Amino acid sequence: MAADRLRDLSQPIDVSLLDATVAAFYGTGSKEERAHADQILRDMQNNPDMWLQVVHILQHTKSLNTKFFALQVLEGVIKYRWNALPVEQRDGMKNYISEVIVQLSSNEASFRSERLYVNKLNIILVQILKHDWPSRWRSFIPDLVAAAKTSETICENCMAILKLLSEEVFDFSRGEMTQQKIKELKQSLNSEFQLIHELCLYVLSASQRPELIRATLSTLHAFLSWIPLGYIFESPLLETLLKFFPTPSYRNLTLQCLTEVAALNFGDYYDVQYVKMYSIFMVQLQPILPPTTNIPEAYGHGSSEEQAFIQNLALFFTSFYKFHIRVLETLQENISALLMGLEYLINISYVDDTEVFKVCLDYWNSLVLELFDAHHNIDNPAVTASLMGLQPMPMLPVMVDGLGTQLMQRRQLYAGTMSKLRMLMICRMAKPEEVLIVEDENGNIVRETMKDNDVLVQYKIMRETLIYLAHLDHEDTEKQMLKKLSKQLSGEDWTWNNLNTLCWAIGSISGSMMEEQENRFLVMVIRDLLNLCEITKGKDNKAVIASNIMYVVGQYPRFLRAHWKFLKTVVNKLFEFMHETHPGVQDMACDTFLKIVQKCKRKFVIVQVGESEPFVSELLSGLATTVADLEPHQIHMFYEAVGHMIHAESDPQKRDEYLQRLMELPNQKWVEIIGQARQSVDFLKDQEVIRTVLNILQTNTSVASSLGTYFLSQISLIFLDMLNVYRMYSELISSSIAEGGPYASKTSYVKLLRSVKRETLKLIETFLDKAEDQPQIGKQFVPPMMDPVLGDYARNLPDARESEVLSLFATIINKYKAAMIDDVPRIFEAVFQCTLEMITKNFEDYPEHRLKFFSLLRAIATHCFPALIRLSSQQLKLVMDSIIWAFRHTERNIAETGLNLLLEMLKNFQASEFCNQFYQTYYLTIEQEIFAVLTDTFHKPGFKLHVLVLQHLFCLVESGLLTEPLWDSATVPYSCPNNGMFVREYTIKLLSTSFPNMTAVEVTQFVNGLFESRNDLSTFKNHIRDFLVQSKEFSAQDNKDLYAEEAAAQRERERQRMLSIPGLIAPNEIQDEMLDS
């Protein structure tokens, strides 16, 4: 085909032919034509000399797509090869791009028609600047400003370039450039800003062109967050901006600029200017948006410009208050303007738009936290003083009183706003995770099918805010909630949504009140809700009220523990709801029952005043009736809850009696099935029987999970029969797959049989995992499983092997640790080779087996390491290969398990007598493989562990523990003075060949840096991060995974803070075994 001529770059390209090829690629021709064009374009793009043709193409083509293709080639060269090009080539390209930009933007018509092309050229220019400016292109800013003054369209495009440059340097630079380069560019922009500043002010005062003014405001917006403050406050800039604010067409852009200024925070030097800016702004705002406006309604009917205005207004107020609210509080004349602004913000918070609400909520959360913290720390004046923004002085008693008065005045000042804010939180409370009953788009009440993460995050922030608000004034909080509840009862305010948000709010402040107040408040709330349930008609209405009662009682375990009568009423009410077939009600009833029992379990096993027997006994007598209408999964949850109750009984005899009564129904069924099977084994092949067996096993697993060790008597009853059923079903599966081929494993019958096998393994694993550390339990249960479970795994076809076997044995080894050493060879023999064959064909098949296999290996390496040393060298090689295979995985949890396992192995071998042998064989391979995954950009989440492995290797080689040479003297002719030197040279060679775009000096510097910082993990880690960015592989990507560890430490500090404030961590999330007595 003619197009193939394009691959020959020895003479200038035939541009019309290239146009036709690009058109074919984007065209509607046949699939083959498109594929052919794609191949040619790729080949051209990959040719290192292709970029030399770019100017020729741009000069001769009329097609925008072809221009973009050429610029794409150029962009690649600039990103990865620019510094390696000869100076004249770089300068030629730079001048050409600048000329085309000036030429196209100097006249209005071409600037508008070629806008997309100009934008792309601007981006290319900024990419060049990132390399050449300031050192190799000192005059760039003066040249640009001079060009801008020659024509209004050129000026508009210069603004666009400046904005791009600012964004590249200040917003998108992390992980794209080294720290040094970012610093250099920031300093250049700062030092040359005077010219840009004069240009902006000149445009804003002299130009009449709306497009140019908008472009200038937009560029200013990008600059305001970092320019030296004098340019803002000691120049006419602020007045100019405020002058533009009332004009509708510039209103939003100006408001964004003012918001940037409001968000600057550099001490109190410019306080006077801020107060002035705020006062003028508030005066200008009132005619635009009168304070009496119903903002949510106006927003609902507004144009997109008007809606953006409300959103920008929220951003302006929240930014200004976050940093400068103190200035407004201090002077009497500003207070009314401050309160009016807060009133605006409360009204904006009612707007029905998630983004707007998030902005407001974020600020309310920080304001309330600040007021609360000062109030919370009043006993510690030094902390309070710093929170108040005062200088801590030597503490005189007068000062403390003065502080207290100041705090009270500040709380007084905001009391009105806070009260309105409580109402806002109650009216707009988000849905908590426990609530399963929602309204669908047709207005029906249904069971929730999917969790909405945004709503859960919002709930968390709102809950926290409301708890601070409650601590600031418990009386007002309680009064507003009860008042709103009485309106529900009177019907004056009754809607599903109103009741929901109110009850979610009531549930969310659990734990924040003193116990007496909480008791008084809850008695009223629960009584009103139960009344509401009685007097309201209609199935949907009742379902909504039921879900709210369940949610509220589930949130207050402390109250239920202290009031048996209420606890009993609530539990009986839950039993009633378990017969209510409305979607979601039964699920929520079982959830709530489980939650309450976990927190109050002791209350159910003691004889309460006025009762003749413990509640658990009464419950077991009526068990069959209570669960009659529940689905199997709900029954399992119910059984788990009763298991918790029985666990709380301290008398072993009673405990066994309760367990026997609880398991009576499933055990009867089990005995019946096993009896029938003894007469005829075919009985077990019936689908219904298989389902029943599965259900019985699941019920057992549920009880085992809550009863732990005390489940021993029950599991002993069924254990051996269960293994026989397991073996029989396993043989059935194998014969089905052998006869029906691979498709048989997908049939519902085989799937059902496998479910029984899995559930058997899960039951044994749950019991062994939860049972206290009693070695005799292990001795009793592990040997009988060796053949039916392990032997069966080895004998089966790959498709019929259950991955749960691997996790069961991982649990057993983690539980019984070194006691299992003698069994490791058996386990190894049964699962190792055959599982590896399944998972090393590719990275996709058998995902479950992969993860569990590596977890089992890790358990063995941690607890039974001596068993690994006894392996033959071939077997050990298999283990090491499989570990390398694991951390090459792009599946995050498999790679992490592999890396953790590798670290265990390295540490264990270092401490063993085989240290030299092991590292001689594997040191270089491991180092090479770790560098490969560290630098290939697909394994970023493993960064922390990659760094730890490398640190271990470099510390080890310098420690002198390795007494044998790591190099093979047969293949390496020269000898090194020591292993440290050898590894240095090896690493430099390895990285130089992997990154030809880096100079030998850069690589040597990096490797020497690694050795120098090996003992300080954080320096070592930062050194590697900088190298990754420099190697250019990581430049255009999201690199937050490289900083994941620092983020986790921050989260832990936050949790510790939350634990110190009553109610912030919900009472039902705190492990409080001791309280339940």
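**Entry 1**

I looked up Tyr846 and found it partly exposed, with a relative accessible area of 23%. Here buried means under 20% relative accessible area, exposed means over 50%, and partly exposed is in between (1.4 Å probe, protein chains only). This is a predicted model, where local features need pLDDT of at least 70 and side-chain atom pairs count only at pLDDT 80 or more, while totals for chains, interfaces and linings use all residues. Residues are numbered from 1 along each chain as its sequence is written, and side-chain values use heavy atoms, with hydrogens and water left out.

Tyr846 sits in the loop between H41 and helix H42 (847-863). Helices are DSSP runs (H or I, at least four residues), as strands are (E, at least two), numbered from the N terminus. Phi of Tyr846 is near 50°, a positive value in a residue other than glycine.

I then checked Lys817. Its phi is positive too, about 45°, and Lys817 is not a glycine. Lys817 lies in the loop between helix H40 (804-816) and helix H41 (824-839). It is partly exposed, at 39% relative accessible area.

**Entry 1: a cis bond**

I noted that the peptide bond from Trp133 to Pro134 is cis, with omega near 0°. Pro134 is in the loop between helix H7 (115-132) and helix H8 (140-148). Most residues other than glycine have a negative phi, and most peptide bonds are trans.

**Entry 2: the core and Phe593**

Which residues have the most contacts inside the largest nonpolar core? I found Phe281, Phe317, Tyr321 and Phe593, in a core of 358 residues. Its largest share, twelve residues, comes from helix H37 (residues 712-740). A nonpolar core is a set of buried Ala, Val, Leu, Ile, Met, Phe, Trp, Tyr and Cys residues joined through side-chain atoms within 4.5 Å.

I followed Phe593. Leaving aside neighbours within four places in sequence, its contacts (heavy atoms within 4.5 Å) include Val571, Leu574, Phe575 and Phe638.

Helix H30 (residues 585-605) packs on helix H33 (residues 632-647) at about 10°, with axes 8 Å apart. H30 and H33 are therefore roughly parallel (an angle under 35 degrees). Phe593 of H30 and Phe638 of H33 are among the residues making this contact.

I also checked helix H29 (residues 564-577). At 1.5 Å a residue, its 14 residues should span 20 Å, and its end C-alpha atoms are 20 Å apart, which agrees. The expected span is 1.5 Å times one less than the number of residues. Buried residues of H29 include Val571, Leu574 and Phe575.

Conventions
Axes fitted to C-alpha atoms, helices over the stretch in contact; angles between N-to-C directions. Parallel < 35°, antiparallel > 145°, perpendicular 65-115°, else oblique.
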